[in-house]
Protein chains: 2
Amino acid sequence: MDNLNIVNQETVEKVRESLPNEEILYDVAELFKVFGDSTRIKIICALFEAEMCVYDLAATLGMTQSAISHQLRILKNSKLVKFRRDGKQMYYSLDDDHVKQIFDAGYKHIIE
Amino acid sequence: MDNLNIVNQETVEKVRESLPNEEILYDVAELFKVFGDSTRIKIICALFEAEMCVYDLAATLGMTQSAISHQLRILKNSKLVKFRRDGKQMYYSLDDDHVKQIFDAGYKHIIE
DNA sequence: TTATCATATGAATAATTGTTCATATGAAAG
DNA sequence: CTTTCATATGAACAATTATTCATATGATAA
């Protein structure tokens, strides 16, 4: 990738300087990837309403316990959900307001 | 998936009623999926600064013209970018403010 | 301690997806 | 019209990923 064919050198330089660093952009993309799956979006939406245990989430979404649990792990790893134990159940809930803000931003784009 | 083992029937019912419809959630997930790739996030970030032609985007990101073009097509299909011709070049730019709002929401979560 | 039950997890599979390479397209310049 | 050049696109490949099935874990209840 040489520079011989660059059309607008100034623009390229300006943009190169303005780009957030590689690693942050990678993390941002990874974060959006978590939102980029129907099952996880449904889990997130469900948790806007109430904290829920794994089996109830599965029943609500019509999916297996295992599938939900795998997806919850991804949400956990991304620090989007937190959980607590109550008796035999693990109750999951959203970790912070950012989740709602991110969801809403995307949701707005779709419904408009 | 029967209801025999549901732990909190009321919660399940409340959440079932509150969930946005299936199709909208699917579209929301599809939208976030577009943001969930490093290359596309970089393209989006670059276009925050200036409209750019395909080759300059490729040069800026250190990628091939073909890879960028393929990703621009995905951004185009999602109505996130628009474009115009100027001479031999196609100049791409962001289609609306939602793009920035969505990006910012995710970016905030990462840097905090 | 033992049995039970909700949840977690590993392996396997199918599907999706990003990049490359080769080539097509189509507007502009000659 | 013909050539050139920027961009677009199709096919192929490798990598990633969501779900399923089977089973492990570990807290609770007995």
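The model is predicted, so local features are given only where pLDDT is at least 70 and side-chain atom pairs count only at pLDDT 80 or more, whereas totals for chains, interfaces and linings use all residues. Residues are numbered from 1 along each chain as its sequence is written, and chains are lettered from A and ligands numbered from 1 in the order in which they are written.

**The two chains together**

The contact between the chains draws 51 residues from chain A and 51 residues from chain B, two residues being in contact if their C-beta atoms, placed from the backbone, lie within 7 Å. On the chain A side, at least two residues each come from α1 (9–18), α2 (22–35), α3 (38–49), β1 (52–53), α4 and α6 (97–111); helices (H or I, at least four residues) and strands (E, at least two) are DSSP runs, numbered from the N terminus. That side of chain A divides into 28 nonpolar, 14 polar and 9 charged residues, where Ala, Val, Leu, Ile, Met, Phe, Trp, Tyr, Cys and Pro count as nonpolar, Asp, Glu, Lys and Arg as charged, and the others, Gly among them, as polar.

For DNA strand D, two or more residues come from each of α5 of chain A and α4, α5 and β3 of chain B, with α5(B) giving the most, 6 residues.

**Helix α5 of chain B**

The helix α5(B) has 13 residues and reaches 18 Å from its first C-alpha to its last, close to the 18 Å expected at 1.5 Å a residue, the expected span being 1.5 Å times one less than the number of residues. Within α5(B), B:I68, B:Q71, B:L72 and B:L75 are buried. They cover an arc of only 110° around the axis, which puts them on the same side of α5(B); the arc is that of the directions from the helix axis to the C-beta atoms. The face turned away from this buried side carries the exposed residues B:S66, B:H70, B:R73 and B:N77. A residue is buried if 20 or more other C-beta atoms, placed from the backbone, lie within 10 Å of its own, exposed if 12 or fewer, and partly exposed in between. Among the elements that cover the buried residues of α5(B) are α2 (22–35), α3 (38–49) and β2 (81–86) of chain B.

**The sheets**

In chain A, 3 strands form an open antiparallel sheet in the order β1-β3-β2, and strands pair if DSSP finds at least two bridges between them. The strands β1 and β2 (81–86) of chain A stand at the edges with a single partner strand each, so one side of each is left without a neighbour in the sheet. In chain B, β2(B) and β3(B) pair in the antiparallel sense over 6 bridges and form a hairpin with 2 residues between them, where B:G87 in the turn has a positive phi of about 65°.
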